[in-house]
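Take a look at the model below.

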Amino acid sequence: MREARLHLQDHSIESLRACFAAQGIEPWRAEQVAGWLYGRGIADPSQWTDLPASLRDRFIADWQWHALEWDGVQRSRDGTVKGRLRARDGALVESVLIPEGDRTTLCISTQVGCPLACSFCATGALGFTRNLTVAEIVDQVCRMREQIAPGQRLTNVVYMGMGEPLLNLPAVLESARLLLHPKAFALGPRKVTVSTAGVVPKIRALLAGVPVNLAVSLHAATDAVRDELVPLNRRFPLAKLMEALRSLETVTPRRPVFFEYTLIEGVNDSPEDARAVARLVRGLPSKLNLIPMNAHEDSRYRPPSDAVLTRFAGNLVRLGLTVTVRRPRGADIDAACGQLAARRAAGPPRSEPEASEVVTGRRAGGPPRSEPEASEVHLAEGAPTPAALLV
Ligand code: SAH
């Protein structure tokens, strides 16, 4: 029965070796299979020409190799691509490809919906359906790679799409092992980042399991404000979160914690908030990414003015923090941080797809690629106060 078949993408190479051994297939075939599936990006075993035909037939008969089908692709004016992918049970998963000069970053999802219900996040408003499988996480990378422009390659993967990665830790670990393995996606450990809203008891296990970058969604430096923005804070308040981060031996100036701070007008954007952030993170090797709130229909929150954003970033820099301001990418196609909701477009079914939407699995004809705009501004102490922060 088709659904009962094992899935090649559900296994790290180590785990695939064990499965193969149990089936009487030479374990080293695992590396060979990973080379085709992930290294070369050829999913169909009938094309794996250096395998014996009998083995190819066995893979075709016994295993599955794509967990997701295309549901739609949208291209932003700024080059960002949002993919909507459909799992076998019909669940929709969104991933976002962000080209920036030489770098191409893919943002992947780990759950269908999210149970954390952060009050400013569109995914949170969806509620939680289920965890994604390893294969569904890995296939986002395989599928979205099909959308990369010729001459570009995938350089970074961030677990910052829909869902809370640390509530699906075994699948996140297994998928990250494939991202890092030299025979699979072969990304360097500093090129893969897992973000958490602060599931404190799982942070150490994440870093012990796989040497990725850790990002933590901070958003507030007091429990009163953070309780409102990230309800998980009521379970794991700031003191516990910071204590856990400070106890990590893997955190060093070369491997800092990346804090995300979504700046929301009138909620967490005052000079006092900046001082509280600086006090909170003092002494911990860290970098802070400031993300102006991306508005969406499920939220009453708004981004601050450019002047307030500039003042907030400048205050943090003066207080000794290393700050990066993220300019929203893909906001015109709801692909920016916190806008992923995997809803089908509202309104009557369209016969013609919109100019920016292509409902196909094939690469859309060359997008009009203008010069990549700088999407972030790095700030460090000593740098001039950011006057032209938001372009
Ligand atoms: N659950 C994990 C992974 C999601 S990462 C986590 O919270 O870290 C997505 C990032 O975008 C998080 O930092 C999240 O807080 C932020 N975000 C959510 N909604 C946003 C919005 N509307 N505008 C800007 N950033 C938002």
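Start with Ser76 in this predicted model. Ser76 sits in the loop that links strand 3 (69–75) to strand 4 (81–86). Is Ser76 buried or exposed? Its relative accessible area is 8%. Buried means under 20%, so Ser76 counts as buried. The side chain of Ser76 makes a polar contact of 2.8 Å with the side chain of Asp78. Setting aside neighbours within four places in sequence, Ser76 is in contact with Gly330, Asp332 and Ile333.

Now turn to the helices. Helix 1 spans residues 13–22 and helix 2 spans residues 29–40. Their axes come within 8 Å and cross at roughly 125 degrees. Angles from 65 to 115 degrees count as roughly perpendicular and those over 145 as roughly antiparallel; helix 1 and helix 2 are therefore oblique to each other. The crossing is right-handed. Which residues make the contact? Helix 1 contributes Ile13, Leu16, Arg17 and Phe20. Helix 2 contributes Arg29, Ala30, Glu31, Val33 and Ala34. Of these contact residues, 6 are nonpolar, 3 are charged and none are polar.

The second pair is helix 10 (residues 271–281) and helix 11 (residues 306–318). Here the axes come within 9 Å, with a crossing angle of roughly 35 degrees. Helix 10 passes helix 11 in a right-handed crossing. On helix 10, the contact is made by Pro271, Asp273, Ala274 and Val277. On helix 11, Arg311, Phe312, Asn315 and Leu316 take part. This contact divides into 5 nonpolar residues, 1 polar and 2 charged.

Note on methods
Residues are numbered from 1 along each chain as its sequence is written. This is a predicted model: local features need pLDDT of at least 70, side-chain atom pairs count only at pLDDT 80 or more; totals for chains, interfaces and linings use all residues. Side-chain values use heavy atoms; hydrogens and water are left out. Helices (H or I, at least four residues) and strands (E, at least two) are DSSP runs, numbered from the N terminus. Buried means under 20% relative accessible area, exposed over 50%, partly exposed in between (1.4 Å probe, protein chains only). A polar contact is a pair of N or O atoms within 3.5 Å; within protein, one must be able to donate a hydrogen and the other to accept it, and residues adjacent in sequence count only if both atoms are side-chain atoms. Contact means heavy atoms within 4.5 Å. Axes are lines fitted to C-alpha atoms, for helices over the stretch in contact, and angles run from 0 to 180 degrees between N-to-C directions. Angles under 35 degrees count as roughly parallel, over 145 as roughly antiparallel, 65 to 115 as roughly perpendicular and the rest as oblique. A crossing is left-handed if the near helix is turned anticlockwise from the far one by less than a right angle, and right-handed if clockwise. Ala, Val, Leu, Ile, Met, Phe, Trp, Tyr, Cys and Pro count as nonpolar, Asp, Glu, Lys and Arg as charged, and the others, Gly among them, as polar.
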